[in-house]
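Let's walk through this model together, strand by strand and helix by helix. Keep the structure open beside you as you read.

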There are 2 protein chains.
Amino acid sequence: MPADPSHSSATVAQLGEFELIRTVTTGMPQPRTTLLGPGDDAAVVTAADGRVVATNDVLVEGVHFRLDWSTPEQVGAKAVAVNLADLAAMGAVPTAVLIGLACPADTPAEVVQGLFTGLKKEAAAQGAGIVGGDMVTAPVITISVTALGDMEGRDPVLRSGAQPGDVLAVCGKLGWAAAGLAVLGRGFRSPVAVVGAQRTPEPPYAAGPKAAAYGARSMIDISDGLIADLGHIAAASHVAIDVHSAKVPVAPRLHEVAAALGADALVWALTGGEDHALAATFPYQLPLPSGWTAIGTVTKGAGVTVDGREYDGVHGWEHWK
Amino acid sequence: MPADPSHSSATVAQLGEFELIRTVTTGMPQPRTTLLGPGDDAAVVTAADGRVVATNDVLVEGVHFRLDWSTPEQVGAKAVAVNLADLAAMGAVPTAVLIGLACPADTPAEVVQGLFTGLKKEAAAQGAGIVGGDMVTAPVITISVTALGDMEGRDPVLRSGAQPGDVLAVCGKLGWAAAGLAVLGRGFRSPVAVVGAQRTPEPPYAAGPKAAAYGARSMIDISDGLIADLGHIAAASHVAIDVHSAKVPVAPRLHEVAAALGADALVWALTGGEDHALAATFPYQLPLPSGWTAIGTVTKGAGVTVDGREYDGVHGWEHWK
C-alpha cells in the first residue's frame, strides 16, 4: 500500500515541512500581544514598555529529555517552561515564543504534533503566543525555544543586584525533579508527583514579577541546582551567600521517596536542577511576598556556603563536563 | 601530559560550558539597543516603536553547512545572515540576536570560537548585539539563531499584500549560492566569488527597509529559490505572479561558470536558494527604489509562471522531502 500522509503513523518526511508547519499552526489562538503570527518571514509582537526581554534554551533528546520517560506533550511543555522561568526570573511576563525544531526524517509526525501540543498548551497557559520558528532535519530531536517578555515598566531584576544584609528566599519546588530522575533511573514510573515534576516543571511564574514589584534586588531561576545557581548570584553580585539548611523547604513526600531509595531529600533540594523554582534576595527590612520562604542571608565575601561551611555534596549540571 | 584547557586544541568538554561562554562573550561590544547583554537569565533589548520583529532559523551540520566546505567563521556569519535577511524582508532593521548552540563534547573549542567570530562579525556589521543564548551537548553542531528587529514606525511588509497590477522586483544576488554549491559538489574550490556566495550569503539588508519606505506591498527573502518563494507570495496574496525570464538578472560570471559545468545559469537564478536576495511587489505607478530590478508582473489568479508558462525546472528546497 502507498504511504498515506494523513495516516497517524506518517513520518515528518511523508508529511513534508510545509504541511507539518500547517498542521501544527492552523487554528492556533494568538493573544493580543501577537500582531503577526507564524507564516511570514518574521513575526511582530507588542513591546509595550519600549523594551523586550529575550531568552533562549535548547533541549536535546537524550540529553535533556527521553521519549521513553516523557510523552512528546510533556517534553514540549518543558521546553517552553524552562524559558518562561527565565523571563520570570527577570521579573518579566511572557508575550511570545519562537520554536526551532530539528528532527530526523523518520520521526513520526504524531511525535512532532505531540511536542507542539505541549508547546502550545504551556505557552497559552501563560499568555504567550507561538509566533514563529523553523523546522529542519537533524540526527536527533532538538528543540530551541526563544521566549520574549515584557517588563511592564519595572526594572529587570539582575543576578548582580544582591547586597550584604539581604535576605535570601526561594519560591517554588525544590528537589522534586531530582527525585523524579532518581525514581526513573531505578526503572520506576511512580510516585506520579515526583516523576511528573521531572517530566514537566511547574515554575512559579507569577512569583517573578511579584518579587520584582516587592523590591527583590537579585533573582535567578534554579535550573542547575540551588547551590550552583546561588553561585551565579554570589559571583555576579560580589557577595557571599549562606544557606540555612534547616530553613530549606523539603516536602514530606520527598523525604518518603528519599527513604525508599536510600537517598537524601535535602541533597536533592540543594543540588537538583530542573524544577525551575526562583531564588531571590530582598532587602531585610521589606516583607517577603507571599509564597516566598527565607532560607539564608547575604554577607560581604564570596561564594556560597551551607550552614556556614563549604558544601561538599554533588554539584549542579554543566554541559560537556 | 595533562590536558591544558588554554591550549588551542582543547575540546569544548575540556573547556566546559561556562568557560566557553565566557571566552566567546568577553569583550563583546554591544550596540545602544542592548540594555542588558549575556550573563543573566534573559537579555533586555530596546523596542523603540513598541513592537518587536522576531524570527528564528536553525542550521544543522551536514544539512545546511559542511565544515570541510566552509570555515566555522563563514558558517557563523551565514547563520546570522539568514535571520537578518528575514527581518529585512519585513522592512525591519536588526537590533539583537540570540544564539542556541548545540555541539558534541569533542568539538574543538576553536571551532566554537570560530563560529562566534562569524556570528559576532555579521551581527555587528548590521548593528545587532549578540545578547544571549544557550550552549548544550548534541550529536552534531546545530545553530539556532533568533533575530530581533525594529520597524522604525513603518508597517511590516507581508507576503500577503501583493495586488493585481503590482510590479514584481528583486534586489540582491540570484543563483550565486546555487552555482557555488554546484562547484563545491564537483570538488572544486573556485571561482572564489561563487564559492564564497555559497559559504556566506550577502543579503541586501538595507534594501528591505528602503522597499518598505517606498511602498512595497509584499516582500519575501529568497531562501528556497525564487520560484518557490514567489509561490509563498502568490498563495498568501491570492494572486498570480509571472516572471519574465529575460529580465531576471543573471551575472555574466554565472554564465561562465554554468558553461564550464554544463549547467544553466538561469535555472540557478530561478531555483537556487541561499543567496537571500529580496523579492517584492510594488504598485506599478511608483518608482522602484534604486538597486531593485523589475522582473515580472502580478495578476489575478493563482500560482507562479515563467514567461506565461508553468515552470518545469527543479524546484526549491523543502525539509525531509
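Strands here, like helices, are DSSP runs numbered from the N terminus (E, at least two residues, for strands; H or I, at least four residues, for helices). Two strands count as paired if DSSP finds at least two bridges between them. Within this pair, A:Leu36 has A:Val44 in E2(A) as its bridge partner.

Before going further, a word on what you are looking at. This is a predicted model, in which local features need pLDDT of at least 70 and side-chain atom pairs count only at pLDDT 80 or more, while totals for chains, interfaces and linings use all residues. Residues are numbered from 1 along each chain as its sequence is written, and chains are lettered from A and ligands numbered from 1 in the order in which they are written.

Now follow strand E2 (residues 43-46) of chain A across to the other chain: four bridges join it to E3(B), and the two run antiparallel. Here A:Val44 stands opposite B:Val53 in E3(B). These strands belong to an open sheet of six, ordered E1(A)-E2(A)-E3(B)-E6(B)-E4(B)-E5(B), with mixed pairing. Strand E1 (34-36) of chain A and strand E5 (129-137) of chain B stand at the edges with a single partner strand each, so one side of each is left without a neighbour in the sheet. Direction ignored, neighbouring strands of this sheet are turned by 25 degrees against each other on average. As a reminder, strands of a sheet pair through backbone hydrogen bonds, either parallel or antiparallel.

How are the two chains related? Chain B can be laid on chain A with an RMSD of 0.0 Å by a turn of 180 degrees and a shift of 0.0 Å along the axis (the superposition is by least squares on the C-alpha atoms of residues with pLDDT of at least 70 in both copies). The two copies are thus related as by a two-fold rotation axis. Of the residues of chain B, B:Gly50 comes closest to that axis, with its C-alpha at 2.5 Å.

The contact between the chains takes 60 residues from chain B and 60 residues from chain A, where two residues are in contact if their C-beta atoms, placed from the backbone, lie within 7 Å. On the side of chain B that touches chain A, strand E3 (residues 51-60) of chain B gives the most, with nine residues. By class, that side has 36 nonpolar, 13 polar and 11 charged residues (Ala, Val, Leu, Ile, Met, Phe, Trp, Tyr, Cys and Pro count as nonpolar, Asp, Glu, Lys and Arg as charged, and the others, Gly among them, as polar). Because 100% of the interface residues of chain B are also interface residues in chain A, the copies meet through the same surface.

Next, look at the helices of chain B. H3(B) lies across E3, strand E4 (93-103) and strand E6 (142-150) of chain B, running at about 35 degrees to E6(B). Axes are lines fitted to C-alpha atoms, for helices over the stretch in contact, and angles run from 0 to 180 degrees between N-to-C directions. Helix H3 (residues 72-88) of chain B also packs with helix H4 (residues 109-125) of chain B, at an angle of about 40 degrees and with the axes 6 Å apart. H3(B) and H4(B) are therefore oblique to each other (angles under 35 degrees count as roughly parallel, over 145 as roughly antiparallel, 65 to 115 as roughly perpendicular and the rest as oblique). Their contact divides into 11 nonpolar, five polar and three charged residues.

Finally, turn to another sheet, in chain A. This open sheet of seven strands has the order E8-E10-E7-E11-E9-E12-E13, with mixed pairing. Strand E8 (218-221) and strand E13 (309-310) of chain A stand at its edges, each with a single partner strand, so one side of each is left without a neighbour in the sheet. Strand E7 (residues 167-171) of chain A pairs with strand E11 (residues 293-299) of chain A in the antiparallel sense over four bridges, and A:Ala169 has A:Ala294 in E11(A) as its bridge partner. Strand E9 (residues 240-243) of chain A pairs with E11(A) in the antiparallel sense over four bridges, with A:Val243 opposite A:Gly296.
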